[in-house]
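Let's take a walk through this structure together, from the chains to their cores, their interface and a few charged pairs. Have the sequence and the 3D view open side by side as you read.

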Amino acid sequence: MKRIFLFIAMFLISILSVNAYPERIVSIAPSNTEILFALGLGDNIVGVTDYCDYPEEARDKPKVGDFSNPSIETIVSLNPDIVFAVAGVQMPIVENLRNLNITVYQVDISSIDDILTEIQNIGDVTGKTNEAEALVSGLRNRINVVEEKTRALSENEKPKVYIEVWTYWTAGKNTFAYDLIEKAGGKNVFDVEQSWFLTNAENVINANPDVILLAYHGVYVDPQEIKSREGFEFINAVQNNKVYNIDSDAVVRAGPRIVDSLEEMALILHPGIMNSFLIEPTTLTLEGDLNNAVSGTIEITNTGIADDEISISTNIDSKYDVSFSQDSFSLNKGKSKSITVTAFIPEDEEIKTKLLGTIYLTGKDYSNSLLLYLSPNNNLRIEDIDAYLDGKKESKIDEEGGKIDNVLPGSTIKLIIKINNDYEEDVEIEDILVTGTLIDINDKDLEEESDEFDLKPGKSETITLTFDIPLNVEEDNYELDINVEGEDNNGVEYLSSVKLKIEVEKEKNKVIIQSTKINPESISCQRNIKVYNKIINIGRTDEDVKLLIQNSELGIDLEKNIEIEEDKSVETDFSLDLRDDIPNGKYNLDVTIFYKDNQKTDKKILDLSIDNCVEKTNSNNKENNNEKVLAQNQIKSEDIQNPKEKITAQIIQPITEKNSKSARIRGVLLYILFGLIFVVLVCLLILAIILTRRK
Amino acid sequence: MIKIRNKALFFLSLIFILVLTMSICISIGPVNIPIKETVKILLSHIVDFQAINQTYSTIILKIRLPRIILAVITGAALSVAGVAFQALLRNPLADPYVLGVSSGAALGASIGIALGLLSLTPFIGFIGALVTMYIVYNLAKTGQRIPVTSLLLAGVVMGAFLASLISLLMSLLGENMHKIMFWLMGSLSHANTNLIIIVFVLVLIGIIIIYSLSRELNIILLGEESAQHLGVSIELVKKILFVSASLITGAVVSITGLIGFVGLIIPHTVRLLIGPKHNNLILGSALVGSIFLIIADTIARTIIAPAEIPIGVITALVGAPFFLFLLIKKKKGLKNISSF
């Protein structure tokens with residue numbers, strides 16, 4: 001409909017005047033007058049209503065009467081090319097004017113968005129298309145800024161607003177004021193389908209607004225007057241002193257100033273959000289040498305909808321002497337400013353990145369802050385780390401850390417660490433100690449240390465640390481911490497550390513002969529020897545293991561089948577009686593295991609020497625003693641290392657089938673015996689009870 | 001007409017209804033206050049209760065109670081003034097606004113609003129009422145007498161003149177005219193307690209004066225000549241009546257605005273119920289007027305809450321049909337009205 005009017009208006013303009021655009025304009029609504037002036041058409045306006053009081057120049061224009069009843073005669077006498085009226089209430093006047101062949105454009109606005117559309121339309125009609133586009137996009141941007149800021153607000157963060165234009169007259173849904181409050185991030189307390197309406201004290205108290213806006217026409221109302229109304233002392237807005245006067249014309253009139261009102265309201269409702277500024281970066285870390293001044297830059301951008309005055313302060317200890325290139329400054333909206341932050345690192349500062357404190361930037365309604373960290377240069381530096389797993393170099397390890405994969409039980413990790421003193425002169429770092437700790441391997445830490453050494457300025461030193469992964473390690477990710485500590489001749493302590501990750505992974509089937517021993521290792525007259533074996537399953541499955549001890553020359557061919565559970569070890573020993581006719585000499589005993597259905601194997605060789613039968617008794621005794629000591633030692637050390645495993649390993653000592661059968665029978669008999677005794681005891685007890693009853 | 005014989009019982013029941021209406025209406029409102037709490041709050045000045053909700057207490061005592069008391073005062077004042085003017089002017093169409101006093105109050109209040117003197121509005125309104133009363137009195141005075149006809153003419157013309165002045169002021173004010181319109185529509189909502197006390201004293205004195213003249217009023221209705229024959233100093237009585245009725249009207253109008261219809265229908269309704277004797281009529285009108293205005297105000301503030309309807313709309317909407325109903329139902333009563 002509006003488009004048709006627009007079209008007709010343009011059509012009429014094009015045929016009625018030689019000049020394409022109207023030169024003499026009459027506005028019969030204050031809102032139209034404001035729009036026309038905003039489009040720079042002030043000089044073309046030849047008539048306005050009595051109420052047109054904005055901008056100031058409008059007051060000097062010829063008057064055509066009031067809004068609802070302008071003088072048609074006066075309008076005609078002004079010989080306008082076009083008259084701007086409003087839709088609806090001015091329809092009768094518009095009809096009148098059209099009957100007199102006067103071109104009329106009716107501005108039809110029922111929402112804030114309509115204002116922008118109509119500004120553009122008026123611009124198009126009057127040949128101010130570009131000006132209108134600029135004005136509209138400017139206004140739209142300002143609306144968008146406010147809306148963006150209020151969009152993130154949750155319902156609870158939106159204050160309840162009561163707006164009053166006259167004693168207890170307030171806004172319903174069909175008013176600009178209602179839309180403005182919504183857009184500004186508030187909630188009108190009265191959600192009724194009305195325009196302006198009369199309410200009363202009790203409704204307002206009941207609604208309990210958080211903010212009261214006074215938009216009395218042309219009157220400033222002392223907020224104290226509102227606050228002192230009976231019962232208003234219970235209202236949040238009064239308790240929190242949030243009663244404000246706002247410009248009523250800007251709220252009511254459908255002109256460009258509605259955006260001023262929007263910003264005004266938004267600032268009242270959400271000062272902290274609307275008046276914001278950004279600090280980039282949000283944390284600042286200053287790096288430098290001890291006993292030196294360091295500085296960094298922050299950039300502050302006013303992202304709010306108003307200009308601001310910002311002052312900078314901090315809570316940081318004065319020994320750091322933190323200062324700013326400017327302590328306070330004004331920052332217009334949309335503008336940025338760089339500030340240099342300077343701090344001093346005392347010589348006794350600990351070498352590590354440390355939070356110094358907060359820098360506060362305080363504006364009129366908004367404050368923001370950033371954290372300041374100080375990072376003194378660590379001049380005792382780990383320059384490089386190379387890692388070797390079982391002699392093979394790991395590519396994923398460097399001075400920053402890294403990960404070593406596929407570490408097997410029993411693997412060896414060798415770390416070559418290069419340490420540097422980064423000072424260029426003067427400062428020697430002494431008593432440097434490199435510590436590597438493999439954390440929580442089988443419930444304890446495995447620690448390796450270097451020797452202490454000193455480093456002169458600019459020099460470096462290479463340290464090697466070696467870690468043997470235990471056979472009984474669990475599959476897991478472990479952490480290997482490398483710490484380098486030292487102290488310089490000024491007493492400043494340095495600490496550098498790197499964390500490595502070690503991933504221990506077991507093979508699926510892996511059984512090894514952990515140890516095998518022959519006792520005695522040399523025999524002469526005696527022909528009896530013992531072979532001790534410890535076999536450990538370091539794979540991920542239970543295994544049936546076949547153990548062979550063989551030597552064809554000696555005619556030894558022993559075999560034993562053992563079942564070993566995952567993570568368990570088994571000790572087993574053999575007693576061998578050698579034949580008497582074996583010649584003296586050195587012999588090898590092959591100790592071999594087969595597992596995973598004889599597919600995998602492990603082998604160890606034992607040396608046995610057979611001597612002449614001369615120093616028989618002596619050596620024998622000696623050997624026997626040795627043997628005892630050895631055995632005791634072995635047990636002892638195992639007790640300390642792995643007491644649990646020892647016990648389980650003993651229980652799983654292989655037993656022949658026969659043995660197990662007789663043991664089972666013995667067990668059953670024992671149970672029967674105990675059962676019988678129990679029954680007899682019970683019978684005796686019953687008998688005793690019966691006897692005592694009889695008495 | 002079904003005459004209510006037992007007058008004492010009638011007044012007692014009216015008083016009972018008034019108290020009942022007050023206590024019911026005081027517990028009605030947007031804030032839902034339990035009746036138990038309401039009673040506690042109302043009695044809290046006599047009995048010391050523990051733990052009274054302060055918010056409720058303020059709403060009951062400082063918002064609802066003043067409003068209801070103002071309704072009582074206004075209803076009584078307008079009804080009694082109506083009775084007085086109907087008798088004084090010997091005209092059944094007379095109401096408190098007929099002699100232009102209310103227009104004077106309205107003009108005063110409008111000037112106050114136009115000047116932005118919001119808090120002074122009631123005083124300026126009352127001054128307007130007094131000035132108008134003085135002018136009308138002097139216009140009507142012929143020698144030492146005040147003929148009814150000239151009083152009526154002077155009052156009506158003065159009222160019309162003042163009304164046009166208000167219109168002029170409104171059109172001069174342009175966009176601000178709505179403020180005066182709001183005021184003219186009448187409302188009981190914004191009166192402060194001190195003003196209510198002042199108005200209460202004025203109205204009480206006025207009603208007592210008029211009540212004490214009820215015998216003279218009865219006689220005046222018989223005609224001025226018969227009154228003089230009966231030894232009543234008719235001119236003095238008329239002057240006193242005019243001044244007191246105008247005073248209470250002006251006082252009430254200056255703080256509530258124009259509430260129409262009450263002063264016309266209440267006296268007639270009461271007359272239909274208990275007959276034309278003025279001692280009964282004045283007392284009855286005061287009570288019925290109070291009850292009526294309390295109910296009308298309660299409807300005005302609750303029916304489209306949170307918005308409020310101007311109370312004048314309710315008095316007219318409810319009052320006129322009710323009056324007509326009484327008229328038709330008890331046609332005999334017409335005789336009483338025509339006996340002016």
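Is A:K403 buried, exposed or partly exposed? A:K403 has a relative accessibility of 29%, so A:K403 counts as partly exposed; here buried means under 20% relative accessible area, exposed over 50%, and partly exposed in between, with a 1.4 Å probe and protein chains only.

Before going further, a word on conventions. This is a predicted model, in which local features need pLDDT of at least 70 and side-chain atom pairs count only at pLDDT 80 or more, while totals for chains, interfaces and linings use all residues. Residues are numbered from 1 along each chain as its sequence is written, chains are lettered from A and ligands numbered from 1 in the order in which they are written, and side-chain values use heavy atoms, with hydrogens and water left out.

Now back to A:K403 and its partner. A:K403 forms a salt bridge with A:E503, and the closest N and O atoms are 3.2 Å apart; a salt bridge is a side-chain nitrogen of Lys or Arg within 4 Å of a carboxyl oxygen of Asp or Glu. This pair links distant parts of the chain, 100 residues apart, with A:K403 in strand β23 (residues 401-407) of chain A and A:E503 in strand β30 (residues 493-504) of chain A. Helices (H or I, at least four residues) and strands (E, at least two) are DSSP runs, numbered from the N terminus. A:E503 is partly exposed too, with a relative accessible area of 21%.

Strand β30 of chain A takes part in another such pair. A:D481 forms a salt bridge with A:K499, with 3.4 Å between the closest N and O atoms. A:D481 lies in strand β29 (residues 476-488) of chain A and A:K499 in strand β30 of chain A, so the pair ties together parts that are 18 residues apart in sequence. A:D481 is buried, with a relative accessible area of 11%. Elsewhere, salt bridges that share partners join A:E34, A:D53, A:D247, A:D249, A:R253 and A:R257 into one network. Over all chains, a search of the whole structure finds 36 salt bridges.

How do the two chains look as a whole? Chain A has 16 helices and 38 strands, whereas chain B has 15 helices and zero strands. Of the 695 residues of chain A, 44% count as buried; for the 340 residues of chain B, the share is 54%. Contact means heavy atoms within 4.5 Å. Among contacts in chain B between residues at least 6 apart in sequence, 75% join residues at least 24 apart.

The buried residues of α9(B) are B:S214, B:E216, B:L217, B:I219, B:I220 and B:L221. After α9(B) comes B:G223, whose phi is positive, near 115°.

Next, the interior. In soluble globular proteins, nonpolar side chains tend to be buried together. A nonpolar core is a set of buried Ala, Val, Leu, Ile, Met, Phe, Trp, Tyr and Cys residues joined through side-chain atoms within 4.5 Å. The largest nonpolar core holds 172 residues, of which A:I163, A:I212 and A:F232 touch the most other members. Helix α3 (residues 54-89) of chain B gives the most to this core, with 19 residues. Leaving aside neighbours within four places in sequence, A:I212 has contacts that include A:Y162, A:I226, A:F232 and A:V243. A second, separate core of 64 residues includes A:L286, A:I316, A:L380 and A:I397.

Finally, where do the chains meet? In all, 27 residues of chain B are in contact with 25 residues of chain A. The area buried between them is about 2500 Å², of which carbon and sulfur atoms give 65%; buried area is the accessible area (1.4 Å probe) that two parts lose on being put together, summed over both. Two salt bridges are counted between chain B and chain A. B:R64 forms a salt bridge with A:E202, the closest N and O atoms being 2.1 Å apart. On the side of chain B that touches chain A, α3 and α7 (177-185) of chain B each supply at least two residues, and the largest share, eight residues, comes from α3(B).
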